[in-house]
Amino acid sequence: MDGIFELEIKVKSELRMGGNQTVSSQAILAEWDEIQAAQREPALFRPLYDRYYDRIFRYIFKRTVDENLAADLCSQVFLKAMQKLSGYKFKGVPFSAWLYRIAGNEVTQHFRNTGKQRVVSIQESDVKEMIDEVPEDDITPSVNAMLSALHELPEKDMNLIELRFFEHRPFKEIAQILNITESNAKVKTYRILERMKKIILTKT
Amino acid sequence: MKKDKYNIKFNQPEPTPEMVSKHKDFDSLLKSYNEKGPTPGVWSGRVRRIGLTSVITIAAALMLVYFNPDFLPQLRSSGPVVAERPYVDPPMETIQAKFASFEVDAYQGGTYEYESGSKIVVPPAAFIDFQGNPVVGTIQLEYREFHDPVDFFLSGIPMEYDSAGVRFNLESAGMMEIYAKQDGKRLNVKPGSEIAIQLVSAINTKGETPAFNIYKLDIENRNWVYWAPNRMEVVGGDDIDSSMQKLSEPELQLKSLESEFSQLLEEENARFEALELKIPAPLIPQQPRKANEKGFVFDLDINKDLYPDLAVYENVMWEVIDIPENAFFHKGLYEMHWDDAALNASSDNNYELTLTSTEQVISVMVTPVLTGSDYIKARDEFNQKYSVYQQEKAQRDNRVEKERKAIEAEMAAIKADLEARKKELEREIALLKKSGNFRALAETVMRKKVISRFTVDEMGVWNADRPLPIFQYNCNFTLVNREGQQYLDNAAYFLDKSLNTVHRFYTSSQNTIRFDERSNHLLWLVTSDGKIAVFRPEEFKKLERKPAHTLTMEVIDKTIESEEDIREILAL
C-alpha cells in the first residue's frame, strides 16, 4: 500500500453511544444549576441541548435506523423536554436519564402510531456476549436461538436488554434511565436471561 | 407462521458525527418552543397563583410548607376547581355511550327493545310539552344504559348517595337514561302516566341475591332519590369471575408469604450477582487470525508510543472483513493517494479504518491478521496463554461455586422455614374448605343475569342500586406521579372489582378511601392532558396495613380514543 500514516486513533469503545459513563455527583450538581437557569430563561437550555443532542440522536437512531426519522423524533424529545422543564425536579440523577425516558416514550409512541415493528439494532458480537451471560447449563445457545428468544420478550424487557447488551451501559445508568434501583436492574437482567434460557430450552 | 415481534437490524453502522450534527439546530428548536410555549397545567400554576396574593398569604403558605413534612410538589389539574365541577362530570366528553333513538307514536305508545334486551313500554298519550299541553304525533324516545364501572366512569354520573347525612356508594344492577323530544324540544311524562322499564343487566352476588332499590338522579340537589323497591328476577348466570374473588384470611397470609418468598429469591439472585462481580473471571486471550490470501490487506505503520492499545499487534496486517458493508471495496482504492487515516476500535476485535483524501472519505471495517511465521508464533503464544487462562478460570469457577453453595445453604434454611409456614396455611385452608366454612370466608363472587322491573314518572337517569356495605378500614392515600408530584383536583376513580360501582373523588393532598385489603382494588385518574394514570390491583396487594400510603400512579402514555382504549388500560 502507498504511504505510511501516522494514525490518529480514538478508541471507539469509549466513545460508543456518546460515552456511556456514569456521571459524578459534582457534575450532576453543576448541571442542576444549568437546568434552573433554563427553567428561568428557555434560551439557556442551549448548553444542555449541545451536551445531549448527540447521545439522544444516537439512542433514537439505534431504535429506528432511519436518519430523518431519528432527527424528527430527536427534535420532539428536546421540544418536550423544554416544554416540561418547569416541572423538572432535582433527584440527584443526571439530566440525561430524564431525556432518555422522554426519548424512549417518543420511540414507543411512534411505533404504536405507525403500527410498524419496533426496530432493534444488534451487532453480532453483542449476541455472543449475551450468550456468555446466559446462566450456564448443559447447552450453549446458538445466535439464532437467542434471536428467536428475543422476539418473545415484552417491550419492557427488551428495553433493558438493549441498554445492557446492545448499548453496553453500566447498570447504574440503566437504573437511572428506567427509574429503578441498580440492584433491581441487575436482578431483572438476570431474570430476563433466565427466561430466555427457558424459552430456548422449550424450543429445542 | 408467527410474525416476529421486533424488526432486528444486524450490524448497522453507527451514525457519523457529520450525520448527527447536520440535524442539530437549537435556534429552530427555541423558535418552535416560543411558538408552542410550555406544556400547560404543570406545577408552575400554583406558584403564579401564590405570587398574585398578599404578602401575608405568602408567609402563611411558606409556613405550611415548612411545618408539613409530607409536602410534595404538586400537579394541579388544569380543569375547574372541585367546587365548580358539575355534578354529572364526564371525564372524556368525546367518549360517551350512544343513545338508541326510537320513533314513538305519542298517541298510541308501544313497546321498544334496546340492544341489551331491555324493554321500554310506553303507555298511550304519555307525554306533555313544557307548557303542559298533551303531545300528539311522532316523538323521538332516546335511551341508553350503563352497566359496569367503565360505563359509570365515562358517563360522569356519580354513584355516591347521601342518606340523611350518611354517605354510601351505590352498587348498581344497571342504570339507564331516558328522555323524549319532538322537533328538538324536550318533553315530560304526563302526570299520572308512567313508563315501564324491564332493564336486563347483571349483578355480582356472594350467595343469596341481594335486594336492590330504584333511585333517580336529582341533578339540581346533587343526590340520588329513593324511588321504589326493585322487583328483580334472576334469569341466569352463576358465572364465577376470578378477578372479582376476595381472599380469606389464611389465603391473605399465604399471599404475603409468597411475596416474602419472591423477595428472598430476589435477594438470593442479587447475592449471586454480587458474587460474580466480586470474583472477576480471567480475561480470555485473543486468538490470532491468519490472513486470507485472497482478501484485501493494509499494512499500516502505527506509532505505538502514541497508541499503546495497538502495541499488542506485532507485524500485524489489517484485512478488509468480508461483510456486506465492505462490498464497495475494490482493488482500485489501493492505487489512490490518501492524506489521512484513522483506526477506531469497534467490536469483537474489529476496527473501522477511515481513509481521507481531498476528493473523498471512505470507511471500511478491518480486522488484525498475521501471516507466515508471525501467525505461527502468535498461535503458539495463544495456545500457552489459553492453557493458563483455562487453569485460572477453573480456579475461579471453583471459588465461585464454593461461595455460591454457602449462600444457597444459608438461603435454604430460610426457605425451609417459609415452606413449613406455607404448608401449615395450606392445611388450614384445606380444613376450612372441608368444614364448609371456606365459602363464607372467601366470599366467592358470582355474576348473575337479572331483569329489573320498575316504572319511571319523569325523564332522566334511573338506577337499580343498593347502598354498599362498609369496607374493612379507612386509609389515607396521597397520589403522586413518577416524578413525585402530587395530583390535585383531578377526578379520580376507585373500585373494588367484586362490586359493580365506582367511587369518584377529586384528588387532594390526602384522600381517604375505604379499603378492603382482601379485594382486588383499582384506582385511576385522568391527568390534565387527558391521559389515564393508574394504580393496579397487584400494587394494592403489596401495600402494608398502615393508615397512610403514597401511591405512585403509572401514567399510561396512550391517546384515549374510545371506550375500548379505556377497557384495555384498566383491564376491565
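Trainee: Which residues does A492(B) touch, leaving out those up to four places away in sequence?
Mentor: This is a predicted model. In it, A492(B) touches L479(B), F505(B), T507(B), L523(B), W524(B) and L525(B), with residues up to four places away in sequence not counted.

Trainee: And which residues touch the most other members of the largest nonpolar core?
Mentor: A492(B) again, along with W524(B) and L525(B); that core has 61 residues. Strand β9 of chain B, residues 166-182, supplies the largest share, six residues.

Trainee: What does the second core include?
Mentor: F45(A), F78(A), F95(A) and V107(A) are among its 34 residues, and this core is separate.

Trainee: Staying in chain A, which residues of helix α7 are buried?
Mentor: A145(A), M146(A), A149(A) and L150(A); the helix runs over residues 143-150. They span an arc of only 145° around the axis, so they lie on the same side of α7(A).

Trainee: What do the buried residues of α7(A) pack against?
Mentor: Helices α6 (124-133) and α10 (182-203) of chain A, and also β1 (6-10) of chain B.

Trainee: New topic, sheets. In what order do the strands of the five-strand open sheet in chain B come?
Mentor: The order is β15-β16-β19-β18-β17, with antiparallel pairing. β15 (297-298) and β17 (340-345) of chain B are at the edges with a single partner strand each, so one side of each has no neighbour in the sheet.

Trainee: How many bridges join β16 and β19 of chain B?
Mentor: Four, between residues 317-320 of β16 and residues 361-369 of β19. As for E319(B), its bridge partner in β19(B) is T367(B).

Terms used:
Residues are numbered from 1 along each chain as its sequence is written. Chains are lettered from A and ligands numbered from 1 in the order in which they are written. This is a predicted model: local features need pLDDT of at least 70, side-chain atom pairs count only at pLDDT 80 or more; totals for chains, interfaces and linings use all residues. A nonpolar core is a set of buried Ala, Val, Leu, Ile, Met, Phe, Trp, Tyr and Cys residues joined through C-beta atoms within 7 Å. A residue is buried if 20 or more other C-beta atoms lie within 10 Å of its own, exposed if 12 or fewer, and partly exposed in between; C-beta atoms are placed from the backbone. Helices (H or I, at least four residues) and strands (E, at least two) are DSSP runs, numbered from the N terminus. Two residues are in contact if their C-beta atoms, placed from the backbone, lie within 7 Å. Two strands pair if DSSP finds at least two bridges between them. The arc is that of the directions from the helix axis to the C-beta atoms.
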